[in-house]
Amino acid sequence: MIRGRVTGRVWSTKHVETLPNGALLEVETEDGGRLIAFDPLGCAEGEAVLVTQGSVAAGYFTKARAPVDALIIGSIDE
Amino acid sequence: MIRGRVTGRVWSTKHVETLPNGALLEVETEDGGRLIAFDPLGCAEGEAVLVTQGSVAAGYFTKARAPVDALIIGSIDE
Amino acid sequence: MIRGRVTGRVWSTKHVETLPNGALLEVETEDGGRLIAFDPLGCAEGEAVLVTQGSVAAGYFTKARAPVDALIIGSIDE
Amino acid sequence: MIRGRVTGRVWSTKHVETLPNGALLEVETEDGGRLIAFDPLGCAEGEAVLVTQGSVAAGYFTKARAPVDALIIGSIDE
Amino acid sequence: MIRGRVTGRVWSTKHVETLPNGALLEVETEDGGRLIAFDPLGCAEGEAVLVTQGSVAAGYFTKARAPVDALIIGSIDE
């Protein structure tokens, strides 16, 4: 997993139907990179989070074939 | 997922048979990288898009074994 | 796999339910990168470890769908 | 997927038995990186190609468990 | 796949039980990176090798759930 910080939120009105409903947060990683992660936890801007990537992220969804390759799995205690 | 911007389209007349029909768009990512993603949404050049990668991208196709490792899953509202 | 060194531990009180119980260690890799890996071995700070990544890491858990994409699989003899 | 250009071929007399028969081409990617990809299309040196990576590449082979993580899926029209 | 050169061997006395028996070799990649790969072929230090990564590497093992994300699949003819 990687550690990151929530820096914003992304909205996508036009999207594939298999994208689960929920928040897509912009996360800045420790090395200055950026990614968009699905957030099932209701994290706020500025919160330190733990992000898992790849097919492991999609496995979180019980609905098959969610096209999600980055998932916030926890908020890091600070 | 990563955020990118559509910069062009790629055509491949000679390709493996399992490649699904559809548009292959060139996307420039925020960090200046480039990738080619399958586009099921009909995105235009210059559009900001959300791209998912890896086996999760292939999972979008109901036809088994699509050799696609990058998929545009949404257009980002701007 | 990659070689790394344990530099700390991360706690996450607010997390998804499918995250297995256990230690989440911060690991610095040889090239100066950082990641958070699940540790089933009880490694200590400063220990040299071997980390596996991706869906292979999640496969370690018998409980399905563990959202873990980095796992310490061994302590490197020094 | 990524765009690359074929720069050579690799031969491996000593290899694991599960490696499918066929050409292993050296591909230089747009950002100057290099990888070795399996080529089912008979591409020539200097040809622009589309490469898919990860488990998606292995899925191309009907024979189970092909240890191939990079596959040329098309020649790019130029 | 990536091309690399064997630079050493790693021993891990304390490891997870699902790690298969065999050699774990340190490989330096063309771009100067380093990784640890499982070697089923008996490669020697200095040998040029072909490495596959990710879940494809774990698929080589018939025993389920081997936590191996990098595998030497061939020695490159020089």
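This is a predicted model: local features need pLDDT of at least 70, side-chain atom pairs count only at pLDDT 80 or more; totals for chains, interfaces and linings use all residues.

Modeller: Happy to. Chain A and chain C bury about 1800 Å² between them, and 56% of that area lies on carbon and sulfur atoms.

In residues, the contact involves 25 from chain A and 25 from chain C. Polar links are part of the picture too. The count between these two chains is three salt bridges. One of them joins A:R3 to C:E26, with the closest N and O atoms 2.8 Å apart. There are also 14 residue pairs in polar contact between chain A and chain C, both residues being at pLDDT 80 or more.

If you colour chain A by its elements, four of them each give at least two residues to the side that touches chain C: β1 (2–10), β4 (48–53), α1 (55–58) and β5 (70–75). By class, the residues on that side of chain A are 13 nonpolar, eight polar and four charged.

Now zoom in on β5 of chain A. Two bridges join β5(A) to strand β2 of chain C, residues 14–15, and the two strands run antiparallel. To see the pairing, look at A:G74, which stands opposite C:H15 in β2(C).

As for the other pair, chain B and chain D, the contact takes 24 residues from chain B and 25 residues from chain D. The area buried between chain B and chain D is about 1800 Å², with carbon and sulfur atoms giving 56% of it. For salt bridges, the count between chain B and chain D is three. Among them is the one between B:K14 and D:E47, whose closest N and O atoms are 2.9 Å apart. Polar contacts across the interface of chain B and chain D come to 14 residue pairs, again with both residues at pLDDT 80 or more.

On chain B, the elements that each supply at least two residues to the side touching chain D are β2 (23–29), β3 (34–39) and α1 (55–58). The largest share of that side, four residues, comes from β3(B). Sorted by class, the side of chain B that touches chain D holds 13 nonpolar, six polar and five charged residues.

Note on methods. Residues are numbered from 1 along each chain as its sequence is written. Chains are lettered from A and ligands numbered from 1 in the order in which they are written. Side-chain values use heavy atoms; hydrogens and water are left out. Contact means heavy atoms within 4.5 Å. Buried area is the accessible area (1.4 Å probe) that two parts lose on being put together, summed over both. A salt bridge is a side-chain nitrogen of Lys or Arg within 4 Å of a carboxyl oxygen of Asp or Glu. A polar contact is a pair of N or O atoms within 3.5 Å; within protein, one must be able to donate a hydrogen and the other to accept it, and residues adjacent in sequence count only if both atoms are side-chain atoms. Ala, Val, Leu, Ile, Met, Phe, Trp, Tyr, Cys and Pro count as nonpolar, Asp, Glu, Lys and Arg as charged, and the others, Gly among them, as polar. Two strands pair if DSSP finds at least two bridges between them.
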